[in-house]
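Thanks for coming, everyone. Let me put the structure up, and then we'll walk through it together.

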Amino acid sequence: MRVGLELSVPVAELTLLPVGRQRVADLELRVAAIDERGGRSEIPVLPVRLAVESEPAPGQRAGYRTTLELRRMRNRVAVALYDPAAGATNGTALPPLAAPP
């Protein structure tokens, strides 16, 4: 089953480096899933580039969207966004995701 994933990250928590006229954070998205039978996914490292056009405003957020491919059963998913420039990881566990009927 395909499940949309949308991240909204506070820009103040990212290490933004100047690239041309933008400020850019090169990050790594890691997603792990375990299904109701205990089957575990590989944990891929997906490159994510978030960019802002100017000096970020207080409270500004950057967004990223992707689609996850999961087994057609109930899954638990954990998502982590790693910032190599800062050596910091932000992560969360999502509520269990059920397969469509």
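Buried here means under 20% relative accessible area, exposed means over 50%, and partly exposed is in between, with a 1.4 Å probe and protein chains only.

Before going on, a word on the source. This is a predicted model, where local features need pLDDT of at least 70, side-chain atom pairs count only at pLDDT 80 or more, and totals for chains, interfaces and linings use all residues. Residues are numbered from 1 along each chain as its sequence is written, and side-chain values use heavy atoms, with hydrogens and water left out.

Now the overall picture. The protein chain has 7 strands and 0 helices. Read from the N terminus, the order is β-β-β-β-β-β-β. These elements are DSSP runs numbered from the N terminus: helices are H or I with at least four residues, strands are E with at least two. The C-alpha atoms fill a box of roughly 45 × 25 × 20 Å along the principal axes.

What share of the 101 residues counts as buried? The figure is 29%. The chain exposes about 6700 Å², and carbon and sulfur atoms supply 51% of that. Those areas come from the Shrake-Rupley method with a 1.4 Å probe; for residues, only the protein chains shown count as cover.

Charges next. There are 13 positive and 11 negative side chains, and the centres of the two sets lie 5 Å apart. Lys and Arg count as positive, Asp and Glu as negative, while His and the chain ends are not counted. Each charge is placed at NZ of Lys, CZ of Arg, CG of Asp or CD of Glu.

On to the strand pairs. Two strands pair if DSSP finds at least two bridges between them. Take S1, residues 2-10. S1 runs antiparallel to S5, residues 61-69, with 9 bridges joining them. Pro 10 has Arg 61 in S5 as its bridge partner. S1 also has two faces. Val 3, Leu 5, Leu 7 and Val 9 make up the covered one. Arg 2, Gly 4, Glu 6, Ser 8 and Pro 10 make up the uncovered one.

Now S6, residues 75-83. S3, residues 22-35, is antiparallel to S6, and 8 bridges join the two. Ala 32 stands opposite Ala 78 in S6. S6 is also joined to S7, residues 88-93, by 6 bridges, again antiparallel. There, Ala 80 has Gly 91 as its bridge partner. The hairpin of S6 and S7 has 4 residues between the strands, and Gly 87 takes a positive phi near 70°.

What does Val 79 contact, leaving aside neighbours within four places in sequence? The list is Leu 5, Leu 7, Leu 29, Arg 30, Val 31, Asn 90, Gly 91, Thr 92 and Leu 94. Contact means heavy atoms within 4.5 Å. Leu 7 is 72 residues away along the chain, yet the two C-alpha atoms are separated by 9.5 Å. On that theme, take contacts between residues at least 6 apart in sequence: 65% join residues at least 24 apart.

Two other buried residues. Asp 35 is in S3, and its relative accessible area is 8%, so it is buried. Its side chain makes a polar contact with the side chain of Arg 71, at 3.3 Å. A polar contact is a pair of N or O atoms within 3.5 Å; within protein, one must be able to donate a hydrogen and the other to accept it, and residues adjacent in sequence count only if both atoms are side-chain atoms. Beyond four places in sequence, Asp 35 contacts Arg 71, Met 73, Arg 74 and Asn 75.

Val 52 lies in S4, residues 45-52. Val 52 is buried too, at 7%. Val 52 touches Val 11, Leu 16, Gln 22, Arg 23 and Gln 60, not counting residues up to four places away.

Last, a contrast. Pro 95 comes in the segment after S7. Pro 95 is exposed, with a relative accessible area of 59%. Its C-alpha atom is 6.9 Å from that of Arg 76, 19 residues away along the chain.
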